[in-house]
Amino acid sequence: LLSEPMARELRRLLAPESDWTVVEGEWLKAKDLIYLFDFLKEDGKSLERLPFAERWKKLPRAYLSPHFKTLPLITKLDACLRVFADDGEDVEGLVFK
């Protein structure tokens, strides 16, 4: 189950005004952290026809939350290869869109 602070943050950051908001992310339960990486629907309006980079720009980034991070947008092969070479504990892989 989500912790109560995480549930409050989900409601605060992603609650729609009148319809569904759909984002893609990965929940790291042990760290009580969600990494967001795509925005598919905003207040009932599908964003899937927008290019990925435009949807990514719409993800919440101006928030101050210990529970959410937006994954960086990597557009160059060299940067992708550096991520693969990183052995940091938060690096599990890449999301290709």
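This is a predicted model: local features need pLDDT of at least 70, side-chain atom pairs count only at pLDDT 80 or more; totals for chains, interfaces and linings use all residues.
Figure 1. Of the contacts between residues at least 6 apart in sequence, 45% join residues at least 24 apart.

**Figure 2. Accessible surface and burial in the protein chain.** The accessible surface amounts to about 7,000 Å², and carbon and sulfur atoms contribute 55% of this area. Among the 97 residues of the protein chain, 28% are buried.

Figure 3. D32 lies in the loop that links β1 (22-28) to β2 (33-42). The residue is buried but forms no salt bridge. R8 provides the nearest side chain of opposite charge, at 8.9 Å from D32, whereas a salt bridge requires a distance within 4 Å. A polar contact of 2.7 Å connects the side chain of D32 with the side chain of S3. Leaving aside residues up to four places away in sequence, D32 touches S3, M6, W27, P66 and H67.

**Figure 4. Nonpolar surface patch formed by L77, L81 and F84.** These three residues, L77, L81 and F84, together present about 340 Å² of accessible area. One of them, L81, is located in helix α3, which spans residues 77-85. L81 counts as partly exposed because its relative accessibility is 46%, a value between the limits of 20% for buried and 50% for exposed residues.

Definitions and conventions:
Residues are numbered from 1 along each chain as its sequence is written. Side-chain values use heavy atoms; hydrogens and water are left out. Patches are made of residues with over 30% relative accessible area and no salt bridge: like charges are joined within 9 Å, nonpolar side chains (Val, Leu, Ile, Met, Phe, Trp, Tyr) within 5 Å. Accessible areas come from the Shrake-Rupley method with a 1.4 Å probe; for residues, only the protein chains shown count as cover. Helices (H or I, at least four residues) and strands (E, at least two) are DSSP runs, numbered from the N terminus. Buried means under 20% relative accessible area, exposed over 50%, partly exposed in between (1.4 Å probe, protein chains only). Lys and Arg count as positive and Asp and Glu as negative; His and the chain ends are not counted. A polar contact is a pair of N or O atoms within 3.5 Å; within protein, one must be able to donate a hydrogen and the other to accept it, and residues adjacent in sequence count only if both atoms are side-chain atoms. Contact means heavy atoms within 4.5 Å.
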